[in-house]
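Please open the structure in your viewer and keep the selection tool at hand.

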Amino acid sequence: MSHLQTLKLEHLPEDFAVHIALYENVKNAAFLQQQLLQGNTAFEYAFIDASVIVSSTHLLAAIFRAANDKVNDRLKSKNVHSEVVFCLSMNNNIAESFRRFGVSPATTSLYAIKLSTTPSVTASTVQQHLLDSIEGHSVPFSDVEIAKFTDIGKVRKTYKLSDTRKTPGGGSGKGLENSHSCSGEAERSGLEGMVLGLMALRGAT
């Protein structure tokens, strides 16, 4: 079963749809990364490791910025999908953004993002290609599901944020749903705000 979601973002052209799928238990991440490295245009997606995404707002902020830069001819990377990965970064090092946010052989939870840059890219074509290409279990794109895959310690390390949160047993805090509901939600909200601020600052430099 596929849980692909198709979204239309405000302030973008009507035909500029965004297709997002979230996967767990991914078995072929190394293959997916290799397709990107080889420049296989059939795999022109933003493949993002789910452990470094805090919320839907976090991911959608990067998608919107990349799409807006595409519309306004301001891309800094090779295409709008690589730009989504780059827009998650807090600095201007494109290669580093792929190491920190992109798919790697160790990835087990994954976002697959495809933007409709041509009429041939539709929800049905994207869904079929993902079904044929990704060995993993599709789950809904929602903040409840997203929280299951967020590794708080990894997010803080990636964005160079100090860790003031204490976790039972000194763990990394992977899986925000494992926290008490109130403290976990507060942690996610606070972390989201800091991450979005750092992403925005990159654009000002």
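Select the whole protein chain: among contacts (heavy atoms within 4.5 Å) between residues at least 6 apart in sequence, 75% join residues at least 24 apart. This is a predicted model, in which local features need pLDDT of at least 70 and side-chain atom pairs count only at pLDDT 80 or more, while totals for chains, interfaces and linings use all residues. Residues are numbered from 1 along each chain as its sequence is written, and side-chain values use heavy atoms, with hydrogens and water left out.

Next, colour the chain by secondary structure.

Now display the surface. The protein chain exposes about 9,900 Å², of which carbon and sulfur atoms supply 54%; these areas come from the Shrake-Rupley method with a 1.4 Å probe. Of the 205 residues, 47% are buried, that is, under 20% relative accessible area (1.4 Å probe, protein chains only).

Select strand E3, residues 46–49. In a regular strand, side chains alternate between the two faces of the sheet. Here Ala46 and Ile48 lie on one side, Phe47 and Asp49 on the other, and all are buried. Phe47 has Ala112 as its bridge partner in E4.

Which residues lie closest to the centre of the largest pocket? Select Gln33, Leu36, Leu37, Lys78 and Phe98, which belong to a lining of 21 residues. A pocket is an open set of points on a 1 Å grid where a 1.4 Å probe fits, with protein on both sides within 12 Å along at least five of seven lines; lining residues have an atom within 4 Å of a point. The space in this largest pocket is about 410 Å³, a volume filled by probe spheres set on the points. Helix H1 (29–37) gives the most to its lining, with four residues.

Finally, select Asp49, Ser51, Ser104, Thr107 and Lys154, which lie nearest the centre of the second largest pocket. This pocket holds about 200 Å³ of space and is lined by 13 residues. Helix H4 (94–101) and helix H7 (152–158) each supply at least two residues of this lining.

Note on methods. Buried means under 20% relative accessible area, exposed over 50%, partly exposed in between (1.4 Å probe, protein chains only). Two strands pair if DSSP finds at least two bridges between them.
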